[in-house]
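Me: I have a structure open and some questions about it. Can we go through them one at a time?

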Amino acid sequence: SLPGAHLMSAPAQVPTSEQQLLLYLLRPKQDEATANQINELMQKRIDWELFFKLALYHRVYATVSNRLDTKYSAVIAPAQRTLFLEETADVQRKAMMRLAEMFRLQQSLKQLKIPFLFFNGPVTALSVYKNLNLRGFKDMDLLVRKQDLPIAAKALEQCSYKAVLPEIMSRCLFDQIRQSGSDVLADLLCQSDFVGRNQAAIVDLHWKGVLPGVLDTVDLFDYRWQLSVGTQTIETVAPEAQFVISCASAERYSWSRLFCLVDIAYALEYQRESLDWQKVYEISQSWGVSKTVRASIELARIFFETEPPNQIELSVPLPEAIMIQIRKDADAILNPGVVKWWLLHKIRRTWLLADDKAQARRKICQDLLRPQRWTILTMSLPPRLYAFHYVLSPLLTSSKRAGNLFKRIFANPK
């Protein structure tokens, strides 16, 4: 464990009425006791503008709006009701549009005969919630093999998508690989965003695992599965693998948005009988994130009172040090100011939850040096220096490999 843990957190604050109402509405199981709590809270003075801002911040607007529209819309303040109905209609329209885009992209990729998978957002909405109106998503995560990256990028461009990477990076990444087989940048990066027409749809094109520093060595094609949607199917991953991905994604972003935990809570409630929980445990063990999965299940229980699965290993209580960390994380989700030294707090959690300490060291280094932390500085630098900071993370974990990448980048005239 790391020293100074007692200095990292301030006393927890009592959730506001708006926060409590949000948590009750997000519970997967809306029983009589939950309905009574919601009605009691609505008798109080609710700041509806603040409430909807909270829902948007935590990316749970679709779930909350559906619940309110179904049972409690008449209670909303008149000034907010019109805006609420407009926002709800907009969420539903965008969800249907993005689903149509996903089918269009899938058809284009099938014609190229390259392996691909969709995962996360729309897959979770369709497989866990069974309703696009209950779970919004802003992008589509698409995975291809690294050698098929130029082909997939070209297919996206033909479907009117444009790479978000700076021109010099996208040219190196897609054109060079196509022309000379160079994979320098493909080794250093793991995904690229593509924006559709009018920025209505975004595709995260992955080619190196799922999450940098966490699941960047996992071959998801070993867990291929088809999800039936009406008369069509979506190429995706097995639901057990998607559950583990959801837990790992939630931890990577520090559980800072409630939608991650809502996904887990809904899976625990509505996929309890259909998921093979022994397989979930085995996947989490092989990926080195079994403690992360158990921590996510515990946080879902804290916030939404969902019961853990009956699988023995996933039900075993976590060590006390991890439980203390989880309770701090739970406080920080609703009150970010509770954590004084956020980066130290996150490093400590990464270390405690890691099944493999070597993997934890790599994850901490990659997180500290990930490009997003340096974007403002590096975007204005010459291309070679812009590429340089992508070498720093592997440099701390594998100096030989990083040295080779360094030489190849700076030896390349482009």
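Me: Is Glu305 buried or exposed?

Reply: Glu305 is exposed, with a relative accessible area of 53%. Keep in mind that this is a predicted model.

Me: Where does Glu305 sit?

Reply: Glu305 is in the loop between helix 13 (290-304) and helix 14 (312-315). Its phi is positive, about 55°, although Glu305 is not a glycine. Most residues other than glycine have a negative phi.

Me: What about Lys130, what is its phi?

Reply: Phi of Lys130 is near 65°, which is a positive value in a residue other than glycine. Lys130 lies in the loop between helix 6 (121-129) and strand 2 (139-144). With a relative accessible area of 65%, Lys130 is exposed.

Me: Now the hairpin of strand 6 and strand 7. Which residue there takes a positive phi?

Reply: Gly230 does, with a phi near 65°. There are two residues between the strands in that hairpin.

Me: Do those strands pair in the parallel or antiparallel sense, and over how many bridges?

Reply: Strand 6 (residues 224-229) and strand 7 (residues 232-237) pair in the antiparallel sense, over six bridges. For Arg224, the bridge partner in strand 7 is Val237.

Me: Changing topic. Which residues touch the most other members in the largest nonpolar core?

Reply: Phe51, Leu68, Leu220, Phe243, Leu258, Trp287 and Phe303 do, in a core of 76 residues.

Me: And which helix gives the most to this core?

Reply: Helix 11 (residues 258-270), which contributes ten residues. A second, separate core has 33 residues, including Ala95, Val123, Val144 and Leu156.

Me: Why is helix 11 called largely enclosed?

Reply: Because eleven of its 13 residues are buried, helix 11 is largely enclosed by the rest of the structure. Among the buried residues are Leu258, Phe259, Asp263 and Tyr266.

Me: What does helix 11 span from its first C-alpha to its last?

Reply: Helix 11 reaches 18 Å, close to the 18 Å expected at 1.5 Å a residue.

Me: Back to Trp287. What is it in contact with, leaving aside neighbours within four places in sequence?

Reply: Trp287 is in contact with Leu215, Val218, Leu220, Tyr223, Ala241, Val244, Ile245 and Gln359.

Me: Is Cys247 buried or exposed?

Reply: Cys247 is buried, with a relative accessible area of 0%. Cys159 is also buried, at 9%.

Me: Last one, Val75. Where is it?

Reply: Val75 is in the loop between helix 4 (61-72) and helix 5 (78-112). At 41% relative accessibility, Val75 counts as partly exposed.

Me: What does Val75 touch, not counting residues up to four places away in sequence?

Reply: Val75 touches Met42 and Trp48. Val75 and Met42 are 33 residues apart along the chain, and their C-alpha atoms are separated by 7.4 Å.

Notes: Residues are numbered from 1 along each chain as its sequence is written. This is a predicted model: local features need pLDDT of at least 70, side-chain atom pairs count only at pLDDT 80 or more; totals for chains, interfaces and linings use all residues. Side-chain values use heavy atoms; hydrogens and water are left out. Two strands pair if DSSP finds at least two bridges between them. Helices (H or I, at least four residues) and strands (E, at least two) are DSSP runs, numbered from the N terminus. A nonpolar core is a set of buried Ala, Val, Leu, Ile, Met, Phe, Trp, Tyr and Cys residues joined through side-chain atoms within 4.5 Å. Buried means under 20% relative accessible area, exposed over 50%, partly exposed in between (1.4 Å probe, protein chains only). Contact means heavy atoms within 4.5 Å. The expected span of a helix is 1.5 Å times one less than its number of residues.
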